[in-house]
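Good morning, and thank you for making time for this presentation.

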Amino acid sequence: MTDGFRRQRYLIDFSLAAMGRRKVRNLGLLAVYSLLVFVLASVMLFTHGLRQEAKRVLAESPEVILQRLVAGRQDLIPPGYLERIGRIRGVQKIQARLWGYYYDPVVKANYTFMVPEARPLAAGEIVIGPAMARERGLVAGNLISFRSYSGRLFTFKVAEVLPQASELMSADLVLLGAGDFRAFFDFPAGHYTDITLTVANPLEVRNVAAKLAAALPDARPILREEVQRTYAALFDWREGMVLTVLSGALLAFAIFAWDKASGLSAEERREIGILKAIGWESGDVLRMKFWEGGLISLAAFLLGYLAAWVHVFHLDGALFRPVLQGWAVLYPHFRLTPEVDGLQLATLFFFTVFPYTAAVLVPIWRAAITDPDAVMRA
Amino acid sequence: MSLRCVLASLLRRQRLGVRRLRQGLASQGLASRRLASQRLASQRPSTLALAGLALGLAGLCATGIEAGVQERQPDPPSPALVRELGLTDLALFTEARYTRHLALADGHAPFQDHPMSFDHFPSASLVAPPRHD
């Protein structure tokens with residue numbers, strides 16, 4: 001063990017003994033400090049996890065979605081519209097989609113009815129999302145009836161329940177054949193809900209959108225990057241909202257910590273005076289107090305961050321889930337994928353550990369450079 | 001002495017033996033616990049504090065390892081389903097059509113029912129307003 005290390009260990013021993021004399025105060029500070037780090041880290045980890053999850057799954061969504069607008073509202077794609085798009089360089093595939101919403105008065109929830117082009121379904125069969133299956137108590141092979149908007153009752157057989165692991169995207173989905181969809185919604189023949197375009201080269205997407213807008217003035221092209229930006233902005237906004245609500249608590253802690261760290265008590269002044277009088281150097285006093293602030297802030301950071309990690313990734317972020325996700329009858333059950341963002345961790349560390357440690361040192365430095373006699377008499 | 005008396009005395013002795021054995025084990029456990037707490041108390045405070053911090057740092061490293069292990073797991077079915085069905089939105093807010101498909105909602109949502117109408121759904125209240133730049 002080198003002399004330097006031994007010296008630091010003695011200083012830590014001394015700091016801990018001094019902290020032990022004010023046990024309740026220091027333990028209280030550690031608890032409040034850890035709680036603050038826990039809250040901040042939970043919000044950051046949760047929103048980052050949601051943002052990453054959205055980015056990962058939406059990377060597979062169509063490059064361009066084309067809607068038709070009438071008086072600023074989305075309208076059906078009429079027959080002949082697809083032909084008007086014609087051939088656009090760079091577009092690999094154009095596909096018209098059928099989908100819509102259905103309100104189920106039994107559980108007061110909305111479902112998304114959709115026709116899967118790549119998964120042909122027999123007439124009278126449906127594939128349902130896991131949240132809907134849970135809410136209605138359905139399994140494969142069960143029958144379910146829906147009253148359509150025209151008043152007729154339709155009975156479908158559940159052919160399959162989509163995997164639970166895809167619930168974030170498929171919670172409320174009801175997949176059915178095109179014939180069933182058109183009959184259920186009285187959907188006019190030859191009409192579609194919207195159009196998706198697959199573009200091979202990502203650099204061509206904006207050009208394709210511009211060409212579409214020029215060829216079809218009543219169309220609204222929505223790009224995949226816009227969809228991803230919408231979700232990034234949504235979670236940023238929610239994170240900001242929660243942090244704004246928490247800012248009062250943050251400010252209260254800042255005042256508490258500043259008061260604790262910057263205002264030296266008479267006892268602490270006397271202690272510094274005695275240490276200097278018996279031969280301690282100003283540097284040693286500073287080092288001792290640095291350890292005091294450093295140990296508390298580092299312990300609070302580690303405790304708070306690890307508790308937040310367990311809360312978000314192992315207890316499903318139970319405390320913040322309602323605020324950061326949303327409200328719905330059909331709520332997806334999903335577990336976020338644990339991910340460490342180095343920059344986020346460094347930011348949290350810098351803004352929680354550094355200010356407190358620095359705030360501790362300034363008044364101590366002032367007291368340490370003063371004459372011991374003056375310090376003790378003050 | 002009757003057989004019953006003999007059996008009773010044997011049983012008594014056996015019980016006494018078990019009790020002594022239990023007392024012996026308990027005193028041994030107490031002694032070992034006392035020894036452990038004495039050892040802990042004899043450690044320097046800095047040793048305990050540095051060990052605690054090292055434990056916390058190990059926990060921090062464990063979070064990184066857990067994230068790395070999760071990253072190597074095979075892809076969950078969500079991306080494949082999104083590719084197959086051409087899905088565009090997360091099923092987080094299914095209460096209204098413009099919150100279920102946020103990315104596809106028209107520019108007039110949520111005030112879409114009639115001009116100057118109030119928003120009916122709480123989800124939309126936490127969606128950022130559009131930028132006006």
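Let me start with a question: does Asp316(A) count as buried, partly exposed or exposed, and how many C-beta neighbours does Asp316(A) have inside 10 Å? Asp316(A) has 14 C-beta neighbours inside 10 Å and therefore counts as partly exposed. Please keep in mind throughout that this is a predicted model.

Asp316(A) sits in the loop between helix 10 and helix 11 (321-325) of chain A. Its backbone also deserves attention. Most residues other than glycine have a negative phi. Asp316(A) is not a glycine, yet its phi is positive, near 60°.

Asp186(A) has 10 other C-beta atoms within 10 Å, so it is exposed.

In sequence, Tyr149(A) and Asp186(A) are 37 residues apart, while their C-alpha atoms are 8.2 Å apart in space. Tyr149(A) is placed in the loop between strand 7 (143-147) and strand 8 (153-161) of chain A. Because 12 other C-beta atoms lie within 10 Å of its own, Tyr149(A) is exposed.

Ala123(A) is found in the loop between strand 5 (109-114) and strand 6 (125-128) of chain A. Ala123(A) counts as exposed, with 11 C-beta neighbours inside 10 Å. Which residues does Ala123(A) contact, leaving aside its neighbours within four places in sequence? They are Gly177(A), Gly179(A) and Asp180(A).

I turn now to the domains of chain A. The domain assignment gives domain 1, covering 3-58 + 230-377, and domain 2, covering 64-223. The C-alpha centres of these two domains of chain A lie 49 Å apart. How many residues of each domain take part in the contact between them? Eight residues of domain 1 of chain A are in contact with eleven residues of domain 2 of chain A. On the domain 1 side, the residues divide into six nonpolar, one polar and one charged.

Next, the packing of helices in chain A. Two packed helices are described by the angle between their axes and the distance between the axes. Consider helix 10 (residues 282-313) and helix 12 (residues 342-368) of chain A: their axes come within 9 Å and cross at roughly 155°. How are these two helices oriented relative to each other, roughly parallel or roughly antiparallel? Angles over 145 degrees count as roughly antiparallel, and helix 10 and helix 12 of chain A are therefore roughly antiparallel to each other. Their crossing is right-handed. Among the residues that make this contact are Phe290(A), Gly293(A) and Gly294(A) of helix 10 of chain A, together with Tyr356(A), Val360(A) and Trp365(A) of helix 12 of chain A. By class, the contact has 13 nonpolar, six polar and two charged residues.

Helix 10 of chain A also packs with helix 1 (residues 3-21) of chain A, at an angle of about 65° and with the axes 9 Å apart. The crossing of helix 1 and helix 10 of chain A is right-handed. Contributors from helix 1 of chain A include Leu11(A), Phe14(A) and Met19(A), and those from helix 10 of chain A include Arg287(A), Trp291(A) and Leu295(A). This contact comprises eight nonpolar, one polar and three charged residues.

Finally, let us look at chain B. Chain B has five helices and zero strands. Of its 133 residues, 22% are buried. In its contact with chain A, 45 residues come from chain B and 65 residues from chain A. Helix 2 (45-72), helix 3 (77-85), helix 4 (97-100) and helix 5 (122-125) of chain B each supply at least two residues of the side that touches chain A. Which of the helices of chain B gives the largest share of that side? It is helix 2 of chain B, with 13 residues. By class, the side of chain B that touches chain A has 23 nonpolar, 14 polar and eight charged residues.

Thank you for your attention.

Technical notes
Residues numbered from 1 in each chain as written. Chains lettered and ligands numbered in written order. Predicted model: local features only at pLDDT ≥ 70, side-chain atom pairs only at ≥ 80, totals over all residues. Contact = placed C-beta atoms within 7 Å. Helix = DSSP H or I, 4+ residues; strand = E, 2+ residues; numbered from the N terminus. Nonpolar A, V, L, I, M, F, W, Y, C, P; charged D, E, K, R; others polar. Axes fitted to C-alpha atoms, helices over the stretch in contact; angles between N-to-C directions. Parallel < 35°, antiparallel > 145°, perpendicular 65-115°, else oblique. Left-handed = near helix turned anticlockwise from the far one by under 90°. Buried ≥ 20, exposed ≤ 12 C-beta atoms within 10 Å, placed from the backbone. Domains from an automatic or database assignment.
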